[in-house]
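Let me put the structure up, and then I'll walk you through it.

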Amino acid sequence: MVATEALKNDHRIIEKMLNVLEVVSNKIEQGEEVPVDILKKATDFIRNFADSYHHGKEEDLLFKTMEEKGFPREGGPIGMMLIEHDEGRDYVRALAEGIEKYASGDTSAKKTIVENARNYAGLLAPHIQKEDNILYMMADNIIPEPLQRELLNRFDRVEKEKLGEGRRQYYINLADELEKAIA
Ligand SMILES: [Fe+2]
Ligand SMILES: [Fe+2]
């Protein structure tokens, strides 16, 4: 298995949560009540699984290895991905603030939630496509087998450090759970 395959597996789980954000946004817009608990769990997933863990593996390990193989960090495809990760962080920060306000009874925060959830999903879905179809292919071409194994081992360590041992499965289950809850 190559390292990008593990990252692609993450993408399929993240896509489930992007779908949750889309559905939840539509519900809120149509005046339906969405439990705060669902919104908070979705935000926890994005912060910890999508950002800290998945983007962490890309930024600290995959992209870094590509740089060592001659890809520039600034400009070019890696630079573009880094900018999009940062943009995503801004949306999640605003989304979390909106949820806090909404939880304390400020219904005007619904607009902030819908806007930032949609912006996040609208950014991440094509971001994932670009990585799956372009950037990861470039990575596969320049990262030799021994380095692939090394990367996979280091990915496991990131799981322990950023999520806690075995917590990847918790987030996989959470994506399924929230998909069912909003269906
Ligand atoms: Fe990424
Ligand atoms: Fe990614």
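So, starting at the N terminus, the elements of the chain go α-α-α-α-α-α. That's 6 helices and 0 strands, where helices (H or I, at least four residues) and strands (E, at least two) are DSSP runs, numbered from the N terminus. The radius of gyration is 17 Å, close to the 16 Å from the globule rule for 183 residues, so the chain is as compact as a globular protein of that length. That radius is taken over C-alpha atoms, and the rule is 2.2 Å times the number of residues to the power 0.38.

Quick caveat: this is a predicted model, with local features needing pLDDT of at least 70 and side-chain atom pairs counting only at pLDDT 80 or more, while totals for chains, interfaces and linings use all residues. Residues are numbered from 1 along each chain as its sequence is written, and chains are lettered from A and ligands numbered from 1 in the order in which they are written.

Along its principal axes, the C-alpha trace spans about 55 × 35 × 25 Å.

Now, how do H3 and H4 pack? Helix H3, residues 76-103, meets helix H4, residues 109-142, at about 155°, with axes 9 Å apart. Axes here are lines fitted to C-alpha atoms, for helices over the stretch in contact, and angles run from 0 to 180 degrees between N-to-C directions. H3 and H4 are therefore roughly antiparallel, meaning an angle over 145 degrees.

Note on methods. Parallel < 35°, antiparallel > 145°, perpendicular 65-115°, else oblique.
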